[in-house]
Amino acid sequence: MWRTRAAAACVICRSLANSSYGIKRKSPLQNLHLVSRSIHHPYYPSSKFQRRPLRISIQLFSSLNRLPLRKTKLLNVKYGYQFHRNFWLARLASRLLKLRYLILGSAVGGGYTAKKTYDQWKDMMPDLDEYKWIVPDFVWELDEHIDFEKLMKALPDAADLAKLLPDFDKIGESFTSLKGFFSPGSPGETAFRATDQGYDNDKQYKKGLLGELILLQQQIQQHEEEARRAAGQYNMGSSQQKRKVSDKEKIDQLQEELLRTQLKYQRMLERLEKENKELRKLVLQRDDKGIHQRKLKKSLIDMYSEVLDILSDYDASYNTQDHLPRVVVVGDQSAGKTSVLEMIAQARIFPRGSGEMMTRSPVKVTLSEGPHHVALFKDSSREFDLTKEEDLAALRNEIEIRMRNSVKEGCTVSTETISLSVKGPGLQRMVLVDLPGVISTVTSGMAPDTKETIFSISKAYMQNPNAIILCIQDGSVDAERSIVTDLVSQMDPQGKRTIFVLTKVDLAEKNVASPSRIQQIIEGKLFPMKALGYFAVVTGKGNSSESIDSIKEYEEEFFQNSKLLKTCMLKAHQVTTKNLSLAVSDCFWKMVRESVEQQADAFKATRFNLETEWKNNYPRLRELDRNELFEKAKNEILDEVISLTQVTPKHWEEILQKTLWERVSTHVIENIYLPAAQTMNSGTFNTTVDIKLKQWTDKQLPNKAVEVAWETLQEEFSRFMTEQKGKEHDDIFDKLKQAVKEESIKRHKWNERAEDSLRVIQHNALEDRSISDKQQWDAAIHFMEETLQSRLKDTESVIEDMVGPDWKKRWLYWIGRTKEQNIRNETKNELEKLIKCNEEHAAYLANDEVTTVRKNLEARGITVDPCLIKDTWHQIYRRYFLKTALNHCNLCRRGFYYYQRHFVDSELECNDIVLFWRIQRMLAITANTLRQQLTNTEVRRLEKNVKEVLEDFAEDNEKKVKLLTGKRVQLAEDLKKVREIQEKLEAFIEALHQEK
């Protein structure tokens, strides 16, 4: 029904449109009823919109207000005049509604188009999320501290920047010609298809500006290879030959233009990096000066380097091996290992030689970023400024000295690691270990085991499954002469952690007849070893005085003009030490992230085992490591030294007096008293005594007294050091205390002026002969009796040894005499007869008396030597003299009264009593003087020496390891090391996760 009405309306419209009334007006369709216009067919050209056919024919709707209109019928249209109805308000509203729909539709379409364009541009932009770790946190806060408007004003104008940009018009023309060459149906179409297929595989490398550049060159190389293959098929016909030549010229031209553009782009990147480096250096310097209140955290690489330093000192005796990543630099001798490392560190820091071995021990170099380019050793606080040639020379000299000191006598290389840190703007963060170069022959001057030692050192570092092997190969020599490649292939057969570096490529390009041989090396086809990546570098012209900047310029210039790069034998990302440094750093941190947590778990298990062992063996003792035990022993030793000051003066003087008399008593009896007692009168006795005492005081007595005092101090010090203090005594300190005592005594020197002052005091004491009271007289007699009795006892013992046991011992103990003892006994009996005949006999036998005794013995059948007779006489007379002197002492007990009267009108002479009183008084005064010097000076000096020795031992780890030994010490030491390693690893892992 509705379709019928619509058809009728169309007929009416056509009839109205075709009729003319002689009046100029617009198309009659515009004057139709809205319902009629809404169902108008689409053939009418001025119709702007259409409505769907209504499903209900009864109710109609308007576009004005969507309200139902009143029902109406179609008019019967007849030819002739039609009454015109004026709906101008409806027509105005309709036009406004059409305009609104147009605007809304345009807005929606434009927004969708803009969003789609934005998404396409967003997909084309490189993903820089993985490089956020390069920029420290403070860089994102620069806008708070740096005025970037002033910085923008300081930058060059757009005109200057335009000069630096490549000529894109020429590049466009080159690409147009290339596009024409690779048009559909051309030989280059296959190359594009191959590129499209490999695009998805290489998509993961399109991150960062350098990645895009590398990808672009790879695509061009693939295009060129495909073009060459395709062009080879058209070598028939002159026209085809000319086309091939022109295509080749276009390709060469395009390739040169691309290389030139790449170099310009690289220079721009280097310039921006340099400006960024200067800016970061400025910010770090401000941080050092304290402009920012926040404290800079220790960098990740410094934390990691500390862990490696601790592990190098840790003795893994509990099956816990160090598998933390390092970059191990290995290569043949003089292959350029050190030069590559210097280029990465951006400083000439290692000693250099012409062909001789310079790296004699492993050198661990920790590279990190900092505001200043400096280097410092692990065990030193001195910083070497690497921008100054004087500091560089001093650093090289220090490294050489440390290497030579680490090499033991009779060896050429050492396993001891030298730890060095290098900081500077723009340095890649990593830890490298430079090993001695691998040699094939041991030359003169080297130890016989040098070759094997170098191999063992290299294998020990490369056996670490997480170590990154940086294999250095000299490109200027024949590849067949390489030794290190076989060694590396043995340690890493799959090449999962090896990076191959070909050095001296400039010399290789000149000397190698076939450049494709270099391409085979870089592609890994010449050597049997496999690697993650292959790089070609140039480390200078061979002049040791070249600077790093000049080497960089030479390297850049060489590769810019090298045929190896122009002919695509080498790829752009495989050349220069800068690209090598970036690649090694990426591999290093990737390996660190993959393995550090596993190592932390291993040390956690080791810590648990050590703690369990300690609890089982030493449950009541604290876990004191070697340093803590040394501090405890140090306090005990100092307390014992202080105890010397608590010794009473009486004790000092008694020990000194007794010891001194034991030293000088023999000299007094033999050289002073006995010769003086042989005189005939008292005057001669006193004169002889004075002379002997004066000589003794001037030459021997002061020196003997000082020796006695020094030995007494040592004995008392040793007594306090070795005295056990009950249950608190710890025998683990015995060796340390003994070493401290010996070293302190060795360093101690008595005051030289003490002898001079002591000589005067002793001389004055011996000059005094006045005994003031009877008590002193009795004391002198007692002193003399003790001395004579002691000497008499010693003499009796000597005689008994000479003549053998007497008859009582022979009967009681069944001991007999020897033949010599029988001869001496008979000789003794003959000599005793001489003394009985002459009680005032002299101390020496005359020759005729010796002859008489010998003949008497021969008469009884005993043959005696004259020397034996004199020797026996000396002991017999000595006993007789001592007994006589003791009897004289008893007589002089009542002689003090006669002494006061100077023995006038008395036959008793007691000059020997006065002599012993003088000696006794001298001993007392000397002991008092020495005691004062000990307590006031020498004990303090000894205490100072002990402190110095302890301080020296505290700085000498080898001493502490040697003196503090035992299972308990080693267990505590290992437990401390493992705890420290685990804690530092956990802190490092936490910081690593935060950086992610």
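Helices are runs of at least four residues assigned by DSSP and numbered from the N terminus. In this predicted model, one such run is helix α16, which spans residues 505-511 and contains A508.

Which residues surround A508, once its neighbours within four places in sequence are set aside? A508 is then in contact with G475, S476 and I518. Of these contacts, G475 deserves attention: G475 and A508 are 33 residues apart along the chain, yet their C-alpha atoms are separated by 5.3 Å.

Two helices, α25 (734-747) and α34 (957-963), each contribute at least two residues to the positive patch. K746 lies in helix α25. With a relative accessibility of 67%, K746 is counted as exposed, because that class begins over 50%.

A patch of negative charge is also found on the surface, where E597, D601, E983 and E986 gather. Helices α20 (577-617) and α35 (967-995) are the elements that give two or more residues to this negative patch. One member, E597, is located in helix α20. Is E597 exposed or only partly exposed? Its relative accessibility is 37%, and E597 therefore counts as partly exposed, since this value falls between the limits of 20% and 50%.

Note on methods: Residues are numbered from 1 along each chain as its sequence is written. This is a predicted model: local features need pLDDT of at least 70, side-chain atom pairs count only at pLDDT 80 or more; totals for chains, interfaces and linings use all residues. Side-chain values use heavy atoms; hydrogens and water are left out. Contact means heavy atoms within 4.5 Å. Buried means under 20% relative accessible area, exposed over 50%, partly exposed in between (1.4 Å probe, protein chains only). Patches are made of residues with over 30% relative accessible area and no salt bridge: like charges are joined within 9 Å, nonpolar side chains (Val, Leu, Ile, Met, Phe, Trp, Tyr) within 5 Å. Accessible areas come from the Shrake-Rupley method with a 1.4 Å probe; for residues, only the protein chains shown count as cover. A salt bridge is a side-chain nitrogen of Lys or Arg within 4 Å of a carboxyl oxygen of Asp or Glu. Lys and Arg count as positive and Asp and Glu as negative; His and the chain ends are not counted. The place of a charge is taken as NZ of Lys, CZ of Arg, CG of Asp or CD of Glu.
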